[in-house]
Amino acid sequence: SAFAGNPYFIDLDALKADGLLTAAQLKAEKWGDDPLSVDYGTLYTSRYKVLRTAYAAWREKYAGLHGCAHYYPDDYYAFALANDSWLNDYALYMALKTANGMKSWTEWPREYRLRDAAALAKFAAEQEEEIGFWKFLQYEFATQWKKVKDYANKKGVKILGDIPIYVSADSVDAWVGGELFELDAQGGFARVAGCPPDYFSADGQLCTGKWEIGPRMDLFHALEAALGKLPIIAEDLGELFPSVRELLADSTFPGMKVLQFAFGGGDNEYLPHNYVKNSVVYPGTHDNTTLTDWWENAATGKEKANAAAYLHLTPCKPTAKEVAAVKPDAARIALLRAALGSVADRAIIPMADWLGLGAEAHLNTPGKLGGNWTWRAAEGFDAEPLASRIQTECEVYCRAKEPVEKEAKTSI
């Protein structure tokens, strides 16, 4: 769903604090053997089992109140009402997906695939408790997410999300979208979009080579009319045709500058001296490997020589021996400082690069099925020395600000 929260992010300890789970119930499940890597197969089995246990406890807690079979808290009903435009469809979809062995909706029986009203009403009546489970998860997610966001905002921190270009084919959005998607008579997809070739994939992903004209600025004008000024960062990566650059300029959104793309040779637009203020610099995004792994394994000899010279880690025309003598950590720190020292309005540094980690912390490889998004930071990583190091590095380039609490006191 483009609207629902991922149940994997629900804090189980918070459910325990609410009396919906016990320490023994959490300890009884397997959560994986490696504390530095997520085991999604094990997590899928254990987490949903525990979440269903919490749901049962929640239903029991509110059973029989005010003469009702179940009378839930007022904020649950407020949440359900506020999200009525998507929540009911989502919960029904997930209940159907569960009943059909978690298969994609395009593989469901025809009456469900084509959303036959009578069949859906009958299923909903028979699966009220299961539908309630998926609503409960979204309620808990929203409650916890609001607490996290409010805490961050009070500290002067804004949270940036990654908006997918497309909704998932296996999603409630596609299932209920109807005329928004190109479907055949059986409810399957007649056509799907792909991605053109880029740094990560020479052939692209499902790329047919045929371009369709999109809504261009009409989309963003409509969004701004409804929502006001949009805090969007444009992912202007890959093949940048003149039309792409024109659209970016018209939108006034900041574009992205990725340092790992900068050192192939020539006056590359990703070299820091070519940045503009209205941009966001990354040493690497979640699709890149870490700086340490890039230097040790991914960068070519030419890229390393160019980077070493540009960052003053070697003479301007280094020998292979001089480049080989550059320590990975020295290269990592120099690259971080190049990002922070650029004119880009914002610099976004992945945590793994602050920690100096290698390939084990590479988050995502586009087009690769499995093995992505598994890295976990070691317990205690967020200690004072790291916070001080980040603060100090940012202060050098005037990217640090006074704590919100201190600002509030001095402004009185």
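This is a predicted model: local features need pLDDT of at least 70, side-chain atom pairs count only at pLDDT 80 or more; totals for chains, interfaces and linings use all residues.
View 1. Ile159 belongs to the loop that runs between helix H8 (128-154) and helix H9 (172-177). With a relative accessibility of 44%, Ile159 is classed as partly exposed, because that class lies between buried, under 20%, and exposed, over 50%.

**View 2. Helix H15 and the elements that cover its buried residues.** Helix H15 takes in residues 328-340, and at 1.5 Å a residue its 13 residues should span 18 Å, a value that agrees with the 18 Å between its end C-alpha atoms. Buried within H15 are Ala331, Arg332, Ala334, Leu335, Leu336, Ala338, Ala339 and Leu340. An α-helix has 3.6 residues a turn, so residues three or four places apart point the same way. Among the elements covering the buried residues of H15 are strands S2 (279-282) and S3 (346-347), together with helices H12 (291-298), H16 (351-355) and H17 (384-396).

**View 3. An open sheet of three strands with parallel pairing.** The strands follow the order S1-S2-S3. Strand S1 (255-258) and S3 stand at the edges, and since each has a single partner strand, one side of each is left without a neighbour in the sheet. S2 and S3 run parallel and are joined by two bridges, and Val281 stands opposite Ala347 in S3. Strands of a sheet pair through backbone hydrogen bonds, in either a parallel or an antiparallel manner.

Technical notes:
Residues are numbered from 1 along each chain as its sequence is written. Side-chain values use heavy atoms; hydrogens and water are left out. Helices (H or I, at least four residues) and strands (E, at least two) are DSSP runs, numbered from the N terminus. Buried means under 20% relative accessible area, exposed over 50%, partly exposed in between (1.4 Å probe, protein chains only). The expected span of a helix is 1.5 Å times one less than its number of residues. Contact means heavy atoms within 4.5 Å. Two strands pair if DSSP finds at least two bridges between them.
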